[in-house]
Amino acid sequence: MTTVLIIVAVVILLLAALVVYSRYKLKNMPKVEDHEKIITLTDKNFNQQIKGKVVLVDFWATWCAPCRLMAPALNDLASELTDNKYRVGKVDVDANRGLAQKYNIRSIPTSVIFKDGQEVARIVGVKPKATLLKEMQRF
């Protein structure tokens, strides 16, 4: 019986150590600079920038580790979009709280696809570039 308890305790300690290590790695991830094709969206330019095209808008925050995980996929997506019909934009929810409230953003990262200024799809959480591209090309 004591052997089983020791094994269970060791497994629990290993899992706890793994969680702490994972959080440390996520928290200390380097910031990835946005690709030059990614539009920085604000309360002031949002409506103008999403008109007349399909725009994937990433709602994010600087303190959000999953948002930092998503940055390379967004950069790759933006670099691959050669048709001017498709664009990628980002909204910092801390700097643009009004937009986050208007579009009912409850968790981040949340990507919203707009077509001609209207929301047509919503993707919550970290997703690979292929998934984002597939969703955008539906419209």
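Student: Let's start with tyrosine 103: does it count as buried or exposed, and what is its relative accessibility?

Tutor: Keep in mind that this is a predicted model. Buried means under 20% relative accessible area. Tyrosine 103 comes in at 11%, so it counts as buried.

Student: And how many aromatic pairs does the structure hold?

Tutor: There are four. One of them joins the rings of phenylalanine 59 and tyrosine 103, with centres 6.4 Å apart.

Student: Why is that pair called tilted?

Tutor: Look at the angle between the planes: under 30 degrees is stacked, over 60 is edge-to-face, and the rest is tilted. Here the planes sit at 45 degrees, so the pair is tilted.

Student: Which parts of the chain does that pair tie together?

Tutor: Phenylalanine 59 belongs to strand β2 (residues 54–60), while tyrosine 103 is in the loop between α4 (97–102) and β4 (110–115), so parts 44 residues apart in sequence are tied together. Phenylalanine 59 is buried too, at 0% relative accessible area.

Student: What about tyrosine 103 and phenylalanine 114?

Tutor: Those two make an edge-to-face pair, 5.1 Å centre to centre with 80 degrees between the planes. Phenylalanine 114 lies in strand β4 and tyrosine 103 in the loop between α4 and β4, so this pair links parts eleven residues apart in sequence. With 0% relative accessibility, phenylalanine 114 counts as buried.

Student: Which residues form the aromatic cluster?

Tutor: Phe46, Phe59, Tyr103 and Phe114 form one cluster.

Student: Where does the charged end of lysine 90 sit?

Tutor: Over the ring of tryptophan 60, 4.6 Å from the ring's centre.

Notes:
Residues numbered from 1 in each chain as written. Predicted model: local features only at pLDDT ≥ 70, side-chain atom pairs only at ≥ 80, totals over all residues. Heavy atoms only, no water. Phe/Tyr/Trp six-rings, centres within 6.5 Å; stacked < 30°, edge-to-face > 60°. Helix = DSSP H or I, 4+ residues; strand = E, 2+ residues; numbered from the N terminus. Buried < 20%, exposed > 50% of the residue type's maximum accessible area, 1.4 Å probe, protein only. Lys NZ or Arg CZ within 6 Å of the ring centre and 35° of its normal.
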